[in-house]
Amino acid sequence: MTQETLGTAPAAPPTATPTAERATVEVTFLTNAGKTVTAPSNSNLLRISLREQGGIPFKCGGGICGTCRCRIEQGLEHTDAVKPKERKHLSEQDLAEGYRMACQTFVNGDIAVSWEPKPAR
Ligand code: FES
């Protein structure tokens with residue numbers, strides 16, 4: 001039986017639920033007819049898209065071209081910190097609206113993502 005050591009740490013607020021590290025996450029590709037896939041937690045968003053044919057556009061995969069610009073419509077709090085490379089392509093307002101560069105973003109919880117479809121030629 002495990003026992004918590006009381007007195008050494010402040011008690012958690014009653015509403016807080018322990019958020020154990022999740023092994024897998026769900027990613028919904030809204031611009032791809034809402035296709036939903038499961039991936040290991042802390043996976044790179046572009047890598048998930050490539051592996052599962054999610055459809056997020058890309059070119060360089062290294063944070064340079066800006067092609068993988070996408071918007072985290074749900075679960076922005078489940079993405080990791082914005083990288084300096086992303087700030088070259090995204091304004092503060094873009095970031096506030098949930099835009100990220102898929103190749104620079106890691107996912108640690110369920111998200112839904114959309115992007116600008118490629119213009120038809
Ligand atoms: S694919 Fe080029 S910046 Fe992400």
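Reply: Happy to. First, a word on element names: helices and strands here are DSSP runs, with at least four residues (H or I) for a helix and at least two (E) for a strand, and they are numbered from the N terminus. Also keep in mind that this is a predicted model.

Me: Good. How many helices and strands does the protein have?
Reply: There are three helices and seven strands. Starting at the N terminus, their order is β-β-β-α-β-α-α-β-β-β.

Me: And in what order do the strands sit in the open sheet?
Reply: Five strands make it up, in the order β2-β1-β7-β4-β5, with mixed pairing. β2 and β5 (99-101) are the edge strands, each pairing on one side only. From one strand to the next, the twist averages 35°.

Me: Which way do β1 and β7 pair, parallel or antiparallel?
Reply: Parallel, over three bridges. V27 has I111 of β7 as its bridge partner, and T28 stands opposite A112 in β7.

Me: What about β1 and β2, parallel or antiparallel?
Reply: Those two run antiparallel and are joined by six bridges. T28 shows up here too, opposite T36 in β2.

Me: And β4 with β7, parallel or antiparallel?
Reply: Antiparallel, with three bridges joining them. I72 has V113 of β7 as its bridge partner.

Me: What does V113 touch?
Reply: Leaving out residues up to four places away in sequence, V113 touches V27, F29, L30, L45, I56, C70, R71, I72 and E73.

Me: Which residues of the largest nonpolar core touch the most other members?
Reply: That core has 17 residues, and V27, I56, C68, A102 and V113 touch the most other members. Two or more residues come from each of β1 (24-29), α1 (45-52), β4 (69-74) and β7 (111-114).

Me: How much of the protein counts as buried?
Reply: 20% of the 121 residues. As for contacts with a separation of 6 or more, 61% of them join residues 24 or more positions apart.

Me: On to α1. Which of its residues are buried?
Reply: L45, L46, I48 and S49. They lie on the same side of α1, because they cover an arc of only 160° around the axis. As background, an α-helix has 3.6 residues a turn, so residues three or four places apart point the same way.

Me: What covers that buried side?
Reply: The cover over the buried residues of α1 includes β1, β2 (35-40), β3 (43-44), β6 (106-107) and β7.

Me: New topic: Q104. Where does Q104 lie?
Reply: In the loop between β5 and β6.

Me: Why does Q104 count as buried?
Reply: Because Q104 has 23 C-beta neighbours inside 10 Å, and the cut-off for buried is 20 or more.

Me: So what does Q104 touch?
Reply: Not counting residues up to four places away in sequence, Q104 touches G63, K83, K85 and E86. The C-alpha atoms of Q104 and K85 are separated by 7.9 Å, with the two residues 19 apart along the chain.

Me: Great, thanks!
Reply: Any time!

Note on methods: Residues are numbered from 1 along each chain as its sequence is written. This is a predicted model: local features need pLDDT of at least 70, side-chain atom pairs count only at pLDDT 80 or more; totals for chains, interfaces and linings use all residues. A nonpolar core is a set of buried Ala, Val, Leu, Ile, Met, Phe, Trp, Tyr and Cys residues joined through C-beta atoms within 7 Å. A residue is buried if 20 or more other C-beta atoms lie within 10 Å of its own, exposed if 12 or fewer, and partly exposed in between; C-beta atoms are placed from the backbone. Two residues are in contact if their C-beta atoms, placed from the backbone, lie within 7 Å. The arc is that of the directions from the helix axis to the C-beta atoms. Two strands pair if DSSP finds at least two bridges between them. Axes are lines fitted to C-alpha atoms, for helices over the stretch in contact, and angles run from 0 to 180 degrees between N-to-C directions.
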